[in-house]
Amino acid sequence: MEIIKELLRTWKYVVKASNEVLKLEQTKPKNNMWNLRGLCDSAYAPDPETRRSVTGYRIYVMDCLVSWKSQSQKSVNLSSTETEYVAMSDLVQEIMFLRQVMEFLGMEIEYPIVINCDNVGAIFIAENATGQRTKHVNIRYNYICEYVEDGIVKVIFVKSEENEADLFTKNL
């Protein structure tokens, strides 16, 4: 009986994700500027045992998917906003690594690097200095504010239905 449940769960996942595709397409950089773009999403405490949230993100270089992640977060968070902010932090870490590699290779990057997120609260935290209500958010994640302030990263809201990173928050 348990095998049938798992099979049905897998089938449901395949049907739901049937419109998702891996797009590999070469485009030429405009004015020798390379475009980096990231999308992040999270699922708030889906695991009934550990209550850890799930991070999912996608990174595109010139509209070609080059990096992605789907992983349980390292700690339990107090809100969905904090969960989204942690996912954004993971995305920015990976983007900064790709940025360093690309700059080392002599590629010029188009700034600001656009990050799409579907949580208004997480975007607010990234764009503003934290106050009393967000004091509990670990300092480890607050370095995003510095990149936003310097104009390296720009966080833009995207509707949940249009967020391509949503697929990576669903555990199979």
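Among contacts in the chain between residues at least 6 apart in sequence, 72% join residues at least 24 apart. The model is predicted. The chain has 4 helices and 7 strands. From the N terminus on, these elements follow the order α-β-β-β-β-α-β-β-α-α-β.

**Whole chain**

- The chain has 172 residues, and 39% of them count as buried.
- Its accessible surface comes to about 10900 Å². Carbon and sulfur atoms account for 54% of that surface.

**The sheet**

- Strands of a sheet pair through backbone hydrogen bonds, either parallel or antiparallel.
- Here, 5 strands form an open sheet, in the order β4-β3-β2-β6-β7, and the pairing is mixed.
- The edges are β4 (64-72) and β7 (153-157). Each has a single partner strand, so one side of each is left without a neighbour in the sheet.
- On average, neighbouring strands of this sheet are turned by 20° against each other, direction ignored.

**Strand β6 and its partners**

- Strand β6 covers residues 113-117 and pairs with β7 in the parallel sense, over 5 bridges.
- Two of the residue pairs can be named. Ile115 has Val155 in β7 as its bridge partner, and Cys117 has Phe157 in β7.
- β6 also pairs with β2 in the parallel sense, over 3 bridges. Arg37 stands opposite Val114 in β6.
- β6 is mostly covered, with 4 of its 5 residues buried.
- Asn116 lies in this strand. Is Asn116 buried or exposed? Its relative accessibility is 11%, under the 20% cut-off, so Asn116 counts as buried.
- Leaving aside residues up to four places away in sequence, Asn116 touches Arg37, Gly38, Leu39, Cys40, Ile156, Phe157 and Val158.

- Helix α3 (residues 120-127) lies across β6 and β7. α3 runs at about 155° to β7.

**A nonpolar surface patch**

- Which residues make the nonpolar surface patch of about 470 Å²? They are Phe97, Val101, Phe104 and Leu105.
- Val101 is found in helix α2. Val101 is partly exposed, with a relative accessible area of 34%.

**Salt bridges**

- Side chains of opposite charge can pair when their charged atoms come close.
- The structure holds 4 salt bridges. Three of them are described below.
- Arg9 and Glu6 meet through their side chains, at 3.8 Å from N to O. Both lie in helix α1 (residues 2-16), 3 residues apart, about one turn of the helix. Arg9 is partly exposed at 43% relative accessible area, and Glu6 is partly exposed at 37%.
- Arg37 forms a salt bridge with Asp63, with the closest N and O atoms 3.8 Å apart. This pair links distant parts of the chain: Arg37 is in strand β2, Asp63 is in the loop between β3 and β4, and they are 26 residues apart. Arg37 is partly exposed at 21% relative accessible area, and Asp63 is partly exposed at 37%.
- Glu103 and Arg99 also meet in a salt bridge, at 3.6 Å from N to O. Both lie in helix α2, 4 residues apart, about one turn of the helix. Glu103 counts as partly exposed at 37% relative accessibility, whereas Arg99 counts as buried at 18%.

Note on methods. Residues numbered from 1 in each chain as written. Predicted model: local features only at pLDDT ≥ 70, side-chain atom pairs only at ≥ 80, totals over all residues. Heavy atoms only, no water. Pairing = 2+ DSSP bridges. Helix = DSSP H or I, 4+ residues; strand = E, 2+ residues; numbered from the N terminus. Axes fitted to C-alpha atoms, helices over the stretch in contact; angles between N-to-C directions. Contact = heavy atoms within 4.5 Å. Patch = residues over 30% accessible without salt bridge, like charges linked within 9 Å, V, L, I, M, F, W, Y side chains within 5 Å. Areas by Shrake-Rupley, 256 points an atom, 1.4 Å probe, with all protein chains shown as cover. Buried < 20%, exposed > 50% of the residue type's maximum accessible area, 1.4 Å probe, protein only.
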